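Welcome! Please take a moment to look over the protein below, and then we will walk through some of its features together.

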Amino acid sequence: MSKKAIAILTILLAITLDQASKIYVKTHFEYGETVHVFSWFKLQFIENNGMAWGFEFGGKAGKLFLTVFRLLVVPAIGYWLYQTIKRNAHFAVVIAIALVFSGAIGNIIDSVFYGIIFDAPAHGTATLFAENPYGEFLFGRVVDMLYFPIYEGESFTFFNAIFNGADSYITIGVILLFLFNKQAFPKEEEKKA
């Protein structure tokens with residue numbers, strides 16, 4: 001299978017898994033609901049405006065800036081992936097960039113469309129393609145659900161971030177790029193050789 005085909009398959013599979021898990025959680029979990037899978041792994045439904053750890057800045061204007069910025073960055077990542085495949089880079093580098101691209105797309109879908117396709121009931125689960133959506137185009141909230149509290153003490157929890165599949169893809173992609181940095185970011189003389 002060619003690197004291009006593997007990149008496309010990775011992107012399609014990653015985005016499908018990300019969106020399927022988010023839609024399932026949003027339509028089957030009440031906001032804040034937690035399901036204990038293991039003592040160190042829970043599914044807990046929360047939402048945020050799209051910044052890491054739920055950080056927000058600038059209110060509605062900040063959210064719009066963040067969404068538009070992401071929409072501008074994604075084509076650059078896509079071009080980077082195209083160029084990486086074209087120069088026949090290492091397989092791991094192609095997968096890494098495809099994962100980063102997939103993660104960015106996954107969270108963009110939430111930010112751009114979720115506000116106009118879901119409602120936000122006070123109690124109960126959300127409705128997909130709701131008559132009364134909770135937001136506007138470009139102002140959707142990102143769904144998070146993966147929670148790995150490896151250690152929970154009385155006043156301290158180790159790894160208390162709640163995230164989603166798209167966030168995981170970006171993290172894995174960045175780790176792979178770090179591990180294969182010489183292949184991902186070759187020097188000029190190596191590119192020519």
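Where does Asn160 lie? Asn160 sits in the loop that runs between strand S5 (157-158) and strand S6 (162-163). Helices (H or I, at least four residues) and strands (E, at least two) are DSSP runs, numbered from the N terminus.

Keep in mind that this is a predicted model: local features need pLDDT of at least 70, side-chain atom pairs count only at pLDDT 80 or more, and totals for chains, interfaces and linings use all residues. Residues are numbered from 1 along each chain as its sequence is written, and side-chain values use heavy atoms, with hydrogens and water left out.

**Around Asn160**

- Asn160 is exposed, with a relative accessible area of 51%; buried means under 20% relative accessible area, exposed over 50%, and partly exposed in between (1.4 Å probe, protein chains only).
- Between Asn160 and Ile150 there are 8.4 Å in space, C-alpha to C-alpha, and the two are 10 residues apart in sequence.

**The sheet**

- An open sheet is formed by 4 strands in the order S1-S2-S3-S6, and the pairing is antiparallel. Its edge strands are S1 (34-38) and S6, each of which pairs on one side only.
- Two strands pair if DSSP finds at least two bridges between them.
- Strands of a sheet pair through backbone hydrogen bonds, either parallel or antiparallel.
- S1 and S2 make a hairpin with 2 residues between them, and they pair in the antiparallel sense over 4 bridges. Here Val35 stands opposite Leu43 in S2.
- S2 (residues 41-48) is joined to S3 (residues 142-147) by 5 bridges, and these two strands run antiparallel. Lys42 has Tyr147 in S3 as its bridge partner.
- S2 is mostly covered, with 6 of its 8 residues buried.

**The helix H2**

- Helix H2 (residues 59-86) has 28 residues and reaches 41 Å from its first C-alpha to its last. That is close to the 40 Å expected at 1.5 Å a residue, where the expected span is 1.5 Å times one less than the number of residues.
- Which residues of H2 are buried? They are Gly62, Lys63, Leu66, Thr67, Arg70, Val74, Ile77, Leu81 and Thr84.
- An α-helix has 3.6 residues a turn, so residues three or four places apart point the same way.
- The buried residues of H2 pack against H1 and helix H3 (91-117), where contact means heavy atoms within 4.5 Å.
- After H2 comes Asn88, whose phi is positive, near 55°.
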